[in-house]
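Please look over the sequence and the structure below before reading on. The text after them is meant to be read with the model open.

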Amino acid sequence: MSAFQIRIIETGECFPCDSDQSVLEGMVKLGKRGIPAGCRGGACGVCKVEVVSGSLERKVMSRSHVSEEDEKNGRVLACRISPSSDLELRVIGGMKRSVCKQESEKSFLK
Amino acid sequence: MAMTGVLRPGHAQIRVLDLEEGVRHYRDILGLVETGRDAQGRVYFKCWDERDHNSFILRQADCAGLDFFGFKVLDTATLNKLDADLQAYGVKTERIPAGDMLETGERVRFEIPSGHLIELYAEKTSVGNGCGLVNPVAWTADSERGIAPVRLDHALLYGPNVAAVQKLFTEVLGFYLVERVLTPDGAGNVAIWLSCGHKVHDIAFAEYPEPGKLHHCSFLLETWEEVLRAGDIMSVNKTPVDIGPTRHGVTRGCTIYAWDPSGNRFETFMGGYQPYPDYKEALTWTFDNFGQGLDYPQRKLHETFLTVVS
Ligand code: FES
């Protein structure tokens, strides 16, 4: 197990993440409000991110949220990847609003 | 009460991203009994106190979610009648031959207006619960392995056209409406809980823009202490928990919602009251009080409950 630094490009924030942890777990441990811990199993898509630099290990992800095209472009689900180097990423899934604006508009069923 | 027509939830087939990871979760943590694997690679489970061969089937696929949800009906004559009734109502049905699912007879499959595949069947091999049929013992090793629910209790499915789904289930399949949440304007139902017997629900639906989504499959426990024990087992195994342990206002059941390793939500559930089909008026929750309906002590509308589905 080694610890790497993950940097969120939009906010400039960094958080540590162990190689045996998912990037989402590391992000949740930031303790920041509004990190949507969704299904944490690659099914719901809320934790979609675009990895801009760094290398990672990935588990299988749901094709309904990550197309082959996505995967080629580094767009993955944070709950299904673990870092094998420091990473820089953008948040693009359902969590973007809460990570970037710290507010959640309540709407019933989306 | 006399049970005729549709008897109970009989099986759910779920897609998982990694089969063996799914098997470890449902067999070792939830504590289901593995009863077989078929030529397609599907893995079959039952809850320990169910007598039929299977109630929960895993299939490996590249996206998670629900393949279909099946109900057992009284007998073959009932199956044929319900098939004819569905067709007369304008629903296209398909017959799937006996043996397509292990130890399971012919199934009648149809798509409902929410985009889910529902099945009816009359025959499934009874393998018993391991306690014996003559002077049965009260429990077995399987009844204490993992969370060890007694049966597959119900499912909540998300999709469009809840009003049309309610009509189909009540007018053709013999279900009745037990509880509902009104739309914001109070004119319709945004979520419905339906029963075909006298359990507080056998299936539920909530309005959602995308068709065919799975909110959760629910597994029945017998006491609140067992629900708390389930929470301990989830924590020990780092199973991600969504909500609970807590009590629902809707159904008055006690609950934990959590996710399997592929992100399919499941529920460990106990309690609820016992409605009968002569309960003409469904209990009704106004839209602004649904938080209380979902999480009675906290009166909280959890965002994940509304938006996270597979
Ligand atoms: S949290 Fe659901 S896909 Fe990552």
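This is a predicted model: local features need pLDDT of at least 70, side-chain atom pairs count only at pLDDT 80 or more; totals for chains, interfaces and linings use all residues.

Chain B is divided into domain 1, residues 6–140, and domain 2, residues 151–307. The C-alpha centres of these two domains of chain B lie 20 Å apart. Where they meet, 40 residues of domain 1 of chain B are in contact with 40 residues of domain 2 of chain B.

The size of an interface is often given as the accessible area lost when the parts come together. Between domain 1 and domain 2 of chain B, the buried area is about 3100 Å², and carbon and sulfur atoms give 74% of it. Zero salt bridges are found across this domain interface of chain B. Nine residue pairs are in polar contact between domain 1 and domain 2 of chain B, counting pairs with both residues at pLDDT 80 or more. On the domain 1 side, the elements of chain B that give two or more residues are strand 1 (6–16), helix 1 (19–29), strand 5 (65–73), helix 2 (76–89) and strand 8 (117–121). Strand 1 of chain B gives the most to that side, with ten residues.

The largest nonpolar core has 60 residues, and those that touch the most other members are Phe56(B), Phe110(B), Leu120(B), Phe169(B), Ile203(B) and Phe205(B). At least three residues of this core come from each of domain 1 and domain 2 of chain B. A second, separate core holds 29 residues, including Phe15(A), Met61(A), Ala78(A) and Cys79(A). Returning to Phe205(B), its contacts beyond four places in sequence include Ile112(B), Ser114(B), His116(B), Leu156(B), Phe169(B) and Ile192(B).

Gln166(B) lies in helix 3 of chain B, residues 162–171. Is Gln166(B) buried or exposed? Gln166(B) counts as buried because its relative accessibility is 18%, and the cut-off for buried is under 20%. Apart from neighbours within four places in sequence, Gln166(B) is in contact with Leu177(B), Asn189(B) and Ile192(B).

The last topic is the interface between the chains. Chain A contributes 23 residues to the contact and chain B contributes 27. Together chain A and chain B bury about 1900 Å², with 64% of that area on carbon and sulfur atoms. Two salt bridges are found across the interface of chain A and chain B. In a salt bridge, the side chain of Lys59(A) meets that of Glu21(B) at 3.0 Å, N to O. Four residue pairs are in polar contact across the interface of chain A and chain B, again with both residues at pLDDT 80 or more.

Terms used:
Residues are numbered from 1 along each chain as its sequence is written. Chains are lettered from A and ligands numbered from 1 in the order in which they are written. Side-chain values use heavy atoms; hydrogens and water are left out. A nonpolar core is a set of buried Ala, Val, Leu, Ile, Met, Phe, Trp, Tyr and Cys residues joined through side-chain atoms within 4.5 Å. Buried means under 20% relative accessible area, exposed over 50%, partly exposed in between (1.4 Å probe, protein chains only). Domain bounds come from an automatic or database domain assignment. Contact means heavy atoms within 4.5 Å. Buried area is the accessible area (1.4 Å probe) that two parts lose on being put together, summed over both. A salt bridge is a side-chain nitrogen of Lys or Arg within 4 Å of a carboxyl oxygen of Asp or Glu. A polar contact is a pair of N or O atoms within 3.5 Å; within protein, one must be able to donate a hydrogen and the other to accept it, and residues adjacent in sequence count only if both atoms are side-chain atoms. Helices (H or I, at least four residues) and strands (E, at least two) are DSSP runs, numbered from the N terminus.
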